Amino acid sequence: MTAPAADQPPPHALLRPQIAIPFLIVALIWGSTWFVILGQNEAAPASWSVTWRFVLATPAMFAVALVMRRPLRLGAAGQRLAFFVGLTQFCGNYNFVYRAEQHLTSGIVAVMIGLLLVPNAILARFLLNQPITRRFAIGSAIAIAGIGLLLLHEAREAPLSGHVLLGVVLALAAMLCASVSNVVQANKTGRALPMVSLLAWAMLYGMICNAVLGWVTAGPPVIPSSGAYWAGTAYLAIMGSVVTFPLYYNLIRQLGAGRAAYNGVAVIVIAMLISTFLEGYRWSFLAIAGASLATAGLIIALRARRPAT
């Protein structure tokens, strides 16, 4: 039997405990955060809820960098990259996600964000000169068809006053912000920086951008008094940001970006199951067909990507 190539994980890498455990942790946490966001939207303007999330997450991420003894000095180029990641990932992406969930169920938003691999592939092709394989293109087309069926189901269930189309636009904007951040941070500057240090500074810049946006769009800070609100914010900050981002990027380093992105498929399944039980999401034939196509398309597309050398 031929041994696996030196630049690839051994067969069944996802079954190894050191891979499977963080993989499942990230999927379970990120799959649940979509529902927790609903409670944030009900208690405060979206931008201030995102701000409070990173008010808690930022010092925690700096503490992680200090405990891991990672240098916090990034240099001018590193700081510029951290600011860009903070603006796109931790401000733009999250603000659009929170607002999208005001018009769509959390499961639908999760499925749409799961298509992140499509703009990622296109941007990486032009910015990083990474080719797009035929299998990836076929899988992406199948997944997009599935998303279309899910959105058709959503439009039929919600009245026109429900602003379903607005929710779709906001979710797409969130996906594009995350995609730009993901691709740009994979450049030469990003690869040379300690991952947790880059994340800490990016969260700090994102927190500042969120506060400015909150003040401009919603006025002075809104500080909810509900204990449940702050418990949810702490969960999103610590579990949904500080714990998961280092675990996920470590998975990328061990598996390669393609195989690690299988996590997105698991997140979609978990998010839609939670939406079913807690939001009353109703599974029509269109919804079942759409979810099946989206999941199948994502798996086909992701299987076309090889681990990074």
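Modeller: What follows starts with the chain as a whole, turns to the aromatic rings, and then moves on to some other places in the chain.

This is a predicted model, in which local features need pLDDT of at least 70 and side-chain atom pairs count only at pLDDT 80 or more, while totals for chains, interfaces and linings use all residues. Residues are numbered from 1 along each chain as its sequence is written, and side-chain values use heavy atoms, with hydrogens and water left out.

The protein chain has 13 helices and 0 strands, where helices (H or I, at least four residues) and strands (E, at least two) are DSSP runs numbered from the N terminus. Of its 309 residues, 49% count as buried; buried means under 20% relative accessible area, exposed means over 50%, and partly exposed lies in between, with a 1.4 Å probe and protein chains only.

Now to the rings themselves, where a search of the whole structure finds 12 aromatic pairs. Rings of Phe, Tyr and Trp (its six-membered ring) pair if their centres lie within 6.5 Å, and the pair is stacked if the planes are under 30 degrees apart, edge-to-face if they are over 60, and tilted otherwise. One of these pairs is formed by Trp-52 and Trp-230, which is tilted, with 6.2 Å from centre to centre and 50° between the planes. This pair links distant parts of the chain, since Trp-52 belongs to helix α2 (residues 46-67) and Trp-230 to helix α10 (residues 227-255), 178 residues apart. Trp-52 has 13% relative accessibility and so counts as buried, whereas Trp-230, at 28%, counts as partly exposed.

A second pair, Phe-90 with Tyr-94, is stacked, with 6.2 Å between the centres and 15° between the planes. Why do Phe-90 and Tyr-94 lie about one helical turn apart? They do so because they are 4 residues apart in helix α3 (residues 75-100). In general, an α-helix has 3.6 residues a turn, so residues three or four places apart point the same way. Phe-90 is buried, with a relative accessible area of 1%, and Tyr-94 is buried as well, with 8%. Both residues also belong to one aromatic cluster, whose other members are Trp-30, Phe-54 and Phe-245.

Ala-218, in helix α9 (residues 195-218), is 171 residues from Ser-47 in sequence, yet their C-alpha atoms are 7.8 Å apart in space. Ala-218 has 33% relative accessibility and so counts as partly exposed. Likewise, Ala-145 in helix α6 (residues 134-157) is 152 residues from Gly-297 in sequence, with 8.7 Å between the two C-alpha atoms, and Ala-145 is partly exposed, with a relative accessible area of 39%.

The buried residues of α7 include Val-164, Leu-170, Met-175 and Cys-177. Cys-177 counts as buried because its relative accessibility is 18%.

The cysteines can be read with a distance rule: a disulfide is a pair of cysteine sulfur atoms within 2.5 Å, and the count comes to 0 disulfides. Cys-177 is in no disulfide, as the nearest cysteine sulfur, that of Cys-91, is 8.3 Å away. The sulfur of Cys-209 is 5.1 Å from its closest cysteine sulfur, in Cys-91, which is too far for a bond, and Cys-209, at 16% relative accessibility, counts as buried.

Arg-69 has a positive phi of about 55° although it is not a glycine, and its relative accessibility of 76% is why it counts as exposed. For background, most residues other than glycine have a negative phi.
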